Amino acid sequence: MDAAVPLHDCRDAFVQTLEALAADDEQIVAVCNDSVGSSKLGRFGERWPERLINVGIAEQNMVGVGAGLANGGKIPFVCGASCFLTGRALEQIKADVAYSATNVKLCGISSGMAYGELGPTHHSIEDFAWIRVLPGITIVAPADPVETAGAVRWAATHEGAVFLRLSRVGVPDIFPPDHGFEPGKANTLREGDDLTIIANGTLTHRTIAAADMLRESGIEARVLNMATVAPIDVDAIVAAATETGAILTCEEHSVHGGLGSAVAEVVVEKHPVAMRILGVPGIFAPTGSANFLLDEFGMSPDGIAEAARTLVARKG
């Protein structure tokens, strides 16, 4: 990434949007697990102390409290480190949120490998897989601040469970300020007919850079930002398979059960083509910064471009 390009922490867009919504709607509340700082909810709590419920380090209770608040007519944004929110409270997410069809907004903070130096216990590279299998939860991984703000605004008005996967790793601006978030719809960021690269979250800007590299070597890559993992944009995937003949997915997640798996499920049923899934290859990711780990697992722009070249050669 060019050092001159400013990077943004999407948690800032999340909490700024949440505060703006809460100012207009007193039903919006926040619930957290001793994570006021990491969720950046300090100002929210100062403005509305009675609307910030800190349950302490008790993730199962946190989700249950959120479900109870939803049953009482509130719109709870339940915020915690994604690794603990999804790992420790999976049963409550299944029973109290998905099965009970409650209007809870689960906010997985510092997702993926954002807590890189804290090691495998703090990596959240299973959360897509765990949540994606549960019916009725919309899963969104925004790629930049504009998309984050749009996803939060949509979540607040959507009647149903949502999982927002929010990283703390800096990302550049991708979308213009007037970009409208539409759940279940992919965004075409680069046109191309040699292959399609699909990503979301912290990987989207890296795939754009990879596509620009590929163009210099004569390969035209279509780039799709697939912010919504569930429900996934089946039409965009089928069009990519039909029109480009090969698909490469990239995600800050295990290669099992996440974005790549969701795309592969569509491809194998609707239009089989050559495909590769880039991610953490079925291991516990080691300790190291998030950017180091992404590069280590082949998800630098150079690594993505090389994977694309190999895939195009297979297609060929």
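1. **Ground rules.** Because the model is predicted, local features need pLDDT of at least 70, side-chain atom pairs count only at pLDDT 80 or more, and totals for chains, interfaces and linings use all residues. Residues are numbered from 1 along each chain as its sequence is written, and side-chain values use heavy atoms, with hydrogens and water left out.

2. **Strand 1.** Start with strand 1, residues 28-32. Strands (E, at least two residues) and helices (H or I, at least four) are DSSP runs, numbered from the N terminus. Five of the five residues in strand 1 are buried. Buried means under 20% relative accessible area, exposed means over 50%, and partly exposed lies in between (1.4 Å probe, protein chains only). In a regular strand the side chains alternate between the two faces of the sheet. Here Ile28, Ala30 and Cys32 point one way, while Val29 and Val31 point the other way.

3. **Partners of strand 1.** Which strands pair with strand 1? Strand 3 (residues 75-81) pairs with strand 1 in the parallel sense, over five bridges. Two strands count as paired if DSSP finds at least two bridges between them. Val29 has Pro76 as its bridge partner in strand 3, and Ala30 stands opposite Phe77. Strand 2 (residues 52-54) also runs parallel to strand 1, with three bridges. There, Cys32 is partnered by Asn54. From strand 1 the chain passes through helix 2 (residues 42-47) to strand 2, and this β-α-β crossover is right-handed. Right-handed means that, with the strands pointing away from the viewer, the path from the first strand over the helix to the second runs clockwise.

4. **Strand 3 to strand 4.** Strand 3 is mostly covered, with seven of its seven residues buried. Strand 3 pairs in the parallel sense with strand 4 (residues 105-109), over five bridges. Val78 stands opposite Leu106. Cys79 has Cys107 as its bridge partner.

5. Is strand 4 buried or exposed? Five of its five residues are buried, so strand 4 is largely enclosed by the rest of the structure. Lys105, Cys107 and Ile109 point one way from strand 4, and Leu106 and Gly108 the other way. Note that Lys105 is on the buried list too. Strand 4 pairs with strand 6 (residues 161-166) in the parallel sense, over five bridges. Gly108 has Arg165 as its bridge partner in strand 6.

6. **Backbone details to check.** Lys40 has a positive phi of about 60° although it is not a glycine. Lys40 sits in the loop between strand 1 and helix 2. At 27% relative accessibility, Lys40 counts as partly exposed. Ala101 also is not a glycine, yet has a positive phi of about 55°. Its place is the loop between helix 5 (90-99) and strand 4. Ala101 is exposed, with a relative accessible area of 65%. Further along, a cis peptide bond joins Ala230 and Pro231, with omega about -5°. Pro231 lies in the loop between strand 10 (228-230) and helix 9 (234-244).

7. **A contact across the chain.** Thr17 is found in helix 1 (residues 10-24). Thr17 is buried, with a relative accessible area of 8%. Thr17 and Thr148 are 131 residues apart along the chain, but their C-alpha atoms are separated by 8.7 Å.

8. **The cavity.** Rolling a probe the size of a water molecule over the atoms shows where empty space is left. On a 1 Å grid over the protein atoms alone, a cavity is a set of points where a 1.4 Å probe fits but cannot get out; a pocket is an open set with protein on both sides within 12 Å along at least five of seven lines; lining residues have an atom within 4 Å of a point. Grid points are joined across faces, edges and corners, and a volume is the space filled by probe spheres set on the points. How many cavities of 30 Å³ or more does the search find? The answer is one. The largest cavity holds about 110 Å³. Its lining has 15 residues, of which Pro142, Arg165, Ser167, Gly201 and Thr202 lie nearest its centre. Domain 1 (10-165) and domain 2 (187-315) both give residues to this lining, so the cavity lies between them. The domain bounds come from an automatic or database domain assignment.
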